[in-house]
Amino acid sequence: GHPYTVSSMSFHPAGKMLAVAGFDQNIWLWDVRTQRRMASYKGHGATVIKIGFSPDGKFLATASRDRTVRIWDVRSGAQVRVLRGHTNAVEGIAYAGDGETLASGGSDTTIRLWDVVTGNQRRMLVGHTAEITGLGFNPGGTLLASASLDTKVRLWDVRSGTLVRLLQGHKAGVRSVDFSPDGKLLATASHDRSARLWAIPGAQPRGAFSDHGNTVFGVAFTPDGRGLATGGGDGTTRLRDLRRGTSRVLGRQPGRVYIIDVNPRGSLVGAPGSDGVARLWPTGTETKPVALVGHRAEVNYLRFSPDGKLVATTSDDGTVRVWHATDGSPHWRAPVLVPNPPRLLTHMGWRRFDDEGAAGPAEARASWQRAVARARLGSTTDDGKHLCFVSGGTLERWDLVGDWRSLRRPVKGRVERLLA
């Protein structure tokens with residue numbers, strides 16, 4: 001768990017590490033396989049708002065309310081650059097595909113282009129009149145799109161820093177931007193309850209979609225560029241077929257959908273929920289979502305791993321959880337049944353069979369029943385600090401205090417009984 005509410009997270013391009021930032025001003029690096037904390041980066045003087053790995057995974061960029069952007073060496077944990085220039089909180093960052101150019105935008109209404117190798121500011125892009133809320137490079141790294149609460153989207157030439165196009169059409173602040181995989185389209189989402197499409201590079205309007213009943217917070221293209229997913233304040237996640245011009249609701253959930261993510265295959269759209277449950281909505285004929293049940297407060301962030309096999313979520317309960325995208329089972333801990341008294345250890349912690357876990361919402365009850373059915377027989381040490389169990393010919397030992405797997409070894413033959 002993270003000691004404070006999580007504000008941002010990012011998967012390493014190789015999918016083996018997860019970086020997490022919180023309101024405690026620190027950044028934590030986790031090993032996805034073992035769930036051990038590998039490192040912590042300390043240096044910011046205020047809340048870290050946004051983080052992101054460089055395309056090659058060697059560096060991590062972090063943006064903060066302390067008005068700085070910092071670059072960290074992932075291998076050594078050293079802070080290699082402090083990028084100063086913003087006069088207010090830095091709200092967003094984005095790496096270009098070459099990994100050498102970084103864009104940052106903030107509450108001071110400016111956008112800065114940085115050379116991350118030297119730490120020098122290449123350009124300051126001025127034109128917006130309100131907070132910058134979204135940044136995105138096109139696949140070639142030649143264009144940068146910026147969204148702002150001033151209702152405008154601006155398209156910039158990265159090399160010269162000049163304004164290429166001013167995109168006008170939204171009637172309220174713009175929340176996010178996303179380029180299509182081929183770079184020929186730009187999607188924008190706004191408080192005016194619409195998502196819009198623009199043709200690139202001319203930025204001609206290609207359509208406005210006003211089928212959400214509230215703010216459209218998130219917008220994301222499918223990997224083939226044929227679909228556009230949106231998430232809104234009305235609790236719906238939608239998918240538009242850009243070839244046919246049709247739109248359908250993938251699902252509805254309580255509260256707002258602040259952010260969405262599409263898996264690499266384009267078969268699932270992930271949406272965190274205000275009810276403490278994140279859902280992965282199928283884009284095909286299947287209509288039942290994969291429910292990620294376990295958080296005890298609003299889920300505020302969701303990201304698929306680069307290979308799409310895992311999905312990470314953060315919550316106002318201060319925890320980061322990693323799940324299998326296929327069935328929603330927790331990646332980091334297998335359900336284990338321990339007798340005397342009969343208890344079950346899952347991603348929701350220790351539960352007795354007479355505990356409230358078996359009498360919650362329908363999705364929670366179903367998750368509980370599946371966990372019991374999958375449980376492996378285990379044993380705890382006398383001091384209650386470690387748990388051992390055997391599964392699939394492998395002995396695992398878990399540190400229950402630090403909540404990580406401390407041992408994994410193969411075993412031969414059938415295990416009838418286990419004593420720790």
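In what order do the four strands of the open sheet lie?

1. The order is β13-β14-β15-β16, with antiparallel pairing. Strands here are DSSP runs of E, at least two residues long, numbered from the N terminus; two of them pair if DSSP finds at least two bridges between them. At the edges sit β13 (132-137) and β16 (163-167), each pairing on one side only.

2. A word on the source: this is a predicted model, where local features need pLDDT of at least 70 and side-chain atom pairs count only at pLDDT 80 or more, while totals for chains, interfaces and linings use all residues. Residues are numbered from 1 along each chain as its sequence is written, and side-chain values use heavy atoms, with hydrogens and water left out.

3. A145 stands opposite L155 in β15.

4. Strand β19 (residues 195-199) has five of its five residues buried, so the rest of the structure largely encloses it. Buried means under 20% relative accessible area, with a 1.4 Å probe and protein chains only. A195, L197 and A199 point one way from β19, and R196 and W198 the other way.

5. β19 pairs antiparallel with β18 (residues 185-190) over five bridges, and T188 stands opposite R196. Their hairpin has four residues between the strands, and R193 in the turn has a positive phi of about 75°.

6. Five bridges also join β19 to β20 (residues 204-209), again antiparallel, with A199 opposite Q204. In this hairpin, four residues lie between the strands, and A203 in the turn has a positive phi of about 60°.

Technical notes: Buried < 20%, exposed > 50% of the residue type's maximum accessible area, 1.4 Å probe, protein only.
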